Amino acid sequence: MESAIMKFACANQGSINKEDLLFNLCFGDSTGVQTIIYNQEKFGCCVFNGEQKVVARTRLKLCRAKDCQGCTNLHLCKNFLFSGSCQFSRLRRGCLFSHHLNSDHNMKVLRDHDLEDLEQAELCTLLLQSDYSLLPPICYNYNNGDGENGRCQEGDGCKRLHICEQYLKGDCSCFRTHDFNAPQPLKSLKDKGIPDQLMRSMKSIYLNKQVLKICDNRSNRGNGGNRGNRGNRGNRGNFQQKRANSISDIFATVDITDWSNNDEAGGMPEQILGIPSLLDVVIGGGGNRGNHQEMQRTSAFNEIPAAVNATDASINKGPNPTQRHRPKRSSEAVKDKTEICMYFIKGYCKHGERCFKAHEKLPYRWEMKQDDQWTAMSDNEKIEKDYCDPKNTYSSSSSTLPVHFDTMTCGPNQVRRLSTISSVQEPDFVLTTEWVWYWEDEFGKWNQYASATGGHKAADIDSDKLELRFLSNDKGVMEFTAGSQSYSLSFQDMIQTNKRYGTKRLVKRRPQFVASADVQTKKIRKPQSSFTAVPGQWDKTQIPETGFKRISLQCSSDEYKEIEELFVNTLRGFDIVKIERIQNKALWEIFQWQKNRMKINNGGRTVSERKLFHGTNPKHVDAICTDNFDWRICGTHGTAFGQGSYFARDAKYSHSYTGNSDIKSMFVSRVLVGDFTKGSSDYRRPPSKDGGDTLFYDSCVDDVRNPSIFVVFEKHQIYPEYLLQYKEKISYLYQLQLMCAVKEGLSKSICKNMTCNITIETG
């Protein structure tokens, strides 16, 4: 359960609301979860913005030594952790740090910290918010003072981050920087090696770091204690004497692990949890403070305001009591509900009418403002369907005046749309709102981003990436490329601009339509295992129900550069023609199912997976993309280590099996190598581990200590992820010789044969 909670939190940008955690992993049953999340070595818990937040943490760190002979830290290149690639590996001397997350040392370290189930991206999030050396701290002086740089004397040269702390906690309209892509924050983060693809996660990571810092401070302060001899003030405890002005102030300063009913929480005493009493926080109590009346303990979340008010009444007794502001109950404070409750749609919300989110059976609700009151519109589903189509400017509703979507008005009245949280913020929830981004071409057709339709080049960003950036800063600008052109997209103006020609295109953000009938079928929890989910970098508009799609990668993308780096590490003297991603949903699901099955057979431990090369004749490419590798069909070039499909660590080895065509074809595949042993030519399956008939190795290799050739006998252990096509480089001297041959009168056809597809114009 602990590893599942850790993985769930790390997959959700490093933290999760406690209610969401219970709902998705425990169906609301808190048995055992309380004890797990109170483990301060692995989680930090506090109330933030009125919600109980669980933040993942670890004591694991990256090893800083370049030639470490053995330690308990992770031996992994920082750049490789961040992006899966490293620019230093292209240099002659190469990178001095390891690029193998699944090495024996690293797997042992990960198992010792119970982190072996985390994917690389999840581990990256966890380390970024736990290891304070990986990110620059926020500049305290910048956040204090009235100048452009606050009280910071270093200005833009400051090594700390000039970002507004209040912005991390929510909306803020002050003059300080609210964008991690602003020049100073961007430079500070780039100096630490943070790549572009992690920039969108910086706000959540820094917020998580702030939450963990609060938890650490509360943990260090304990339950009070002797502050030493300070005159006659007595035993004051360790809390500052600062009165909170509101409930939100209390929440912001207290590490409250659970405000729910004691029966629900398992009745864990606060002395065990190290939680200060509410009286200590509100009036700075702790220890012997005199004759202040003790605040009544609260057993439920909604009783806190009443307890605070009771304390106000006791403190203000006297001839001329100071008038104090009375905090409102949460049900009174939240009058305008602008987001739809996920739990009510699911079937049940325990807060009932006190819930601060709207209760609606659909994940959207259209409302009109009349007499200063928002009321639901009658043609809710019809308006929603019209709105989801980007070509519509007006709704086609017959019972009311049409809704103007650009101005969000219906006649003279204002209109608004309530919805559930965005799917990119809660990717594991059902009935979240999936936002789709479109741009209008010169023919008035609306095209999805990252979709190569209508003869247009696909952009290197998709709707999910745009949505994440938009949610982090809805007034910012995002740059991207499509083919050879560069563009900027202004979220504030919803305009896309070609940076070279200045051409402007309209942009729209619209939800994916969900009919009321579809809502009923979706009211099931998403599976906890991820084998049905396709990788995040896939083009969601190009996933066929059957068969496959080959998606060309942009040369500037990190995905392209990662495969290119693997290729050129051992094979030089060739030019890459293109790299294509293979999107075959059926093969991917089978591969993930096999991975989960092997994990179960391995006692729950992570199965070793590698990216390996396989050279093949171009005539076999479509068959492999459709039905995976089959050594009986693709040919046998040797069976020295077993009769199966052969894969190589080095592209140089696989190059020998690409045939005689001018354009060579080589797959880069995900291979579940698992536990392997030395192969033999008579093996038709991996040998037994113990001599019996039930426990077998997963694959065979040429050398157990330093394997470079892997033989897999079960095709479900393979996913052909990328197809790399390349050709031999033509030297400058050879080109001159060809030019001379042309001048001597050789025919164009002869020259064409000699140039290997290089066309030379004669005459």
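T409 stands opposite Q414 in β7, and that pair is a handy way into this predicted model. Residues are numbered from 1 along each chain as its sequence is written. In this predicted model, local features need pLDDT of at least 70, side-chain atom pairs count only at pLDDT 80 or more, and totals for chains, interfaces and linings use all residues, while side-chain values use heavy atoms, without hydrogens and water. Helices (H or I, at least four residues) and strands (E, at least two) are DSSP runs, numbered from the N terminus.

**The sheet**
- Strands β6 and β7 (residues 413-419) pair in the antiparallel sense over two bridges; two strands pair if DSSP finds at least two bridges between them.
- They belong to an open sheet of four strands, in the order β5-β4-β7-β6, with antiparallel pairing.
- β5 (373-376) and β6 (409-410) stand at the edges with a single partner strand each, so one side of each has no neighbour in the sheet.
- Helix α17 (residues 380-388) packs on the sheet and touches β4 (364-370) and β7, where contact means heavy atoms within 4.5 Å.
- The direction of α17 makes about 105 degrees with that of β4; axes are lines fitted to C-alpha atoms, for helices over the stretch in contact, and angles run from 0 to 180 degrees between N-to-C directions.

- Most residues other than glycine have a negative phi.
- Q13, in the loop between α1 and β1 (15-17), has a positive phi of about 60 degrees although it is not a glycine.
- N628, in the loop between α22 (621-627) and α23 (631-634), has a positive phi of about 80 degrees.

**Buried or exposed**
- Buried means under 20% relative accessible area, exposed over 50%, and partly exposed in between (1.4 Å probe, protein chains only).
- N628 is buried at 5%, whereas Q13 is partly exposed at 29%.
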